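Subject: Structure handover

Hi,

Here is the structure I promised to pass on.

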Amino acid sequence: MSGLCTSLLILAFTTSSLSDVGDFTPCLQFFYRSWPPKGLAGTPICQRYNNTYHFATLYSRPRRSPWLSAYLYTVPTGKRPKASWKYEPQLAYPAADGNMMPFLPGPVDQNVVESQAVELDYINSTYSRGHLNPSLHHQTYQCRSSTFTLTNVVPQKKWSNDGPWENLEQTVNKTLAAYCLGEAYIVTGIIPYQKDEHWIKNRVAVPEYLWSAYCCPKYNHTIPNRLKDAFPTFAAIGRNDPNSTEEIVPIDKTAKKQFRGYDVRQMSLNSLEMYLKDRFNTVVSVFNEHCA
C-alpha cells in the first residue's frame with residue numbers, strides 16, 4: 001500500500017461534452033488498468049489543490065452536485081483537517097488555472113453561484129455536507145484538505161453521514177489498511193430519486209442513495225473468512241431518505257432511532273451495477289473487467 005497521496009490528473013469519463021474543462025486523458029492511470037468508469041455523463045473536474053491534483057469528480061452542473069468521485073486510498077495519519085470549504089473557479093471561468101479556492105468572507109461571485117453549490121446552500125438546510133471522497137481515506141494533511149470542496153459533497157442527512165455511512169467509511173479504511181497490498185481504487189457516487197427530485201433551496205439536488213465500491217487487485221490471501229467476499233472488490237449502497245422503499249436497502253427495525261432508515265447494505269460489485277443500471281437506465285461499469 002502506497003504511503004503517499006497519489007496526485008494525478010482527472011479521468012476521461014464518457015461525457016456529453018468536455019469542451020468547458022479541457023482534455024483529461026493524461027490521468028487514465030488513475031484508474032484500474034487505466035480504464036475509467038463507463039455509462040455516466042457529466043463534467044469531469046480535475047480536483048487540484050495547491051498546484052497538485054488529488055482526485056477526480058464527475059460533476060453535474062444542472063444538479064450542482066457530483067455524480068461520483070474517484071480516488072486512490074492511502075492509509076490515513078493525523079487528525080481530520082479543519083473544514084475549510086472551497087469551490088472550483090474553472091466551472092465559472094474556463095480560463096481559470098483549475099486550483100480549488102477557499103470561499104472568502106462576503107458576497108460570492110455570481111458566476112460561481114450559478115455554476116456550482118456554495119456555502120449558503122447548506123447553511124440552515126436540513127442536510128450536512130456528505131463527502132464522496134472522504135478525508136479519512138488519505139494520508140497527508142494536504143490530501144485530506146483537498147477533499148473539502150463543495151464539488152465533492154452531496155446533501156446528506158446527518159444521521160446517515162454521522163451514522164451508518166461513517167461506519168462504512170471506517171470499515172473500508174480498516175479493511176484496506178490491513179489486507180490490501182497494492183493500490184486500492186475507490187469510486188463513490190450517488191443514486192438520484194427515480195421521480196420527484198429533492199432539492200435544497202431549489203438549487204442543489206439531493207440523492208436518494210449513496211454508493212461506494214473499491215478494487216484491490218493485490219491483497220493478502222490469508223484474510224479471515226468473514227472478509228472473503230471483500231476482495232478483490234467490495235460495494236455498498238446507503239440510504240439517504242428514511243422514507244424510501246426497501247427494495248434496494250432494507251431497514252433494520254432494531255437500529256437506534258436516530259439511525260433508523262439510514263441503513264447501509266453491503267453487496268457484490270455485480271449487484272451494485274445491477275441497481276445502477278436499473279436507476280440510470282443504462283449499463284454502468286465501475287471497474288475494468290470487474291477488477292479481475
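Predicted model: local features only at pLDDT ≥ 70, side-chain atom pairs only at ≥ 80, totals over all residues.

Residues are numbered from 1 along each chain as its sequence is written, and side-chain values use heavy atoms, with hydrogens and water left out.

**Disulfides**

How many disulfides does a search of the whole structure find? The search gives two, where a disulfide is a pair of cysteine sulfur atoms within 2.5 Å.

One of these disulfides joins Cys 180 to Cys 216, with an S to S distance of 2.2 Å. Its torsion about the S-S bond is about 110 degrees, so this disulfide is right-handed. The pair links distant parts of the chain: Cys 180 sits in the loop between H6 and E8, Cys 216 in the loop between E11 and E12, and they are 36 residues apart. (Helices, H or I with at least four residues, and strands, E with at least two, are DSSP runs numbered from the N terminus.) Both Cys 180 and Cys 216 are buried, meaning under 20% relative accessible area, with exposed being over 50% and partly exposed in between (1.4 Å probe, protein chains only).

There is also a disulfide between Cys 215 and Cys 291, S to S 2.0 Å. The link of Cys 215 and Cys 291 is right-handed too, with 75 degrees about the S-S bond. Cys 215 lies in strand E11 and Cys 291 in the segment after H7, so this pair ties together parts that are 76 residues apart in sequence. Cys 215 is buried at 0% relative accessibility, and Cys 291 is buried at 1%.

**Nonpolar cores**

A nonpolar core here is a set of buried Ala, Val, Leu, Ile, Met, Phe, Trp, Tyr and Cys residues joined through side-chain atoms within 4.5 Å. The largest has 53 residues, and those touching the most other members are Leu 176, Trp 211, Phe 231, Ile 237, Leu 272 and Phe 287. Elements giving two or more residues to this core include strand E2 (52-60), strand E3 (65-72), helix H6 (164-179) and helix H7 (269-280). Which element gives the most to this core? That would be E11, with six residues.

A second, separate core has 16 residues, among them Tyr 87, Ala 92, Val 113 and Val 206.

**Two loop residues**

Thr 147 is in the loop between helix H4 (141-146) and strand E7 (153-156), and is buried at 0% relative accessibility. A polar atom of the Thr 147 side chain lies 2.8 Å from the backbone oxygen of Arg 144. Thr 147 and Ser 135 are 12 residues apart in sequence and 5.8 Å apart in space, C-alpha to C-alpha.

Ser 244 belongs to the loop between strand E12 (233-239) and strand E13 (264-267). Ser 244 is buried as well, at a relative accessible area of 8%. Its side chain makes a polar contact of 2.7 Å with the side chain of Glu 208. (A polar contact is a pair of N or O atoms within 3.5 Å; within protein, one must be able to donate a hydrogen and the other to accept it, and residues adjacent in sequence count only if both atoms are side-chain atoms.)

Cheers
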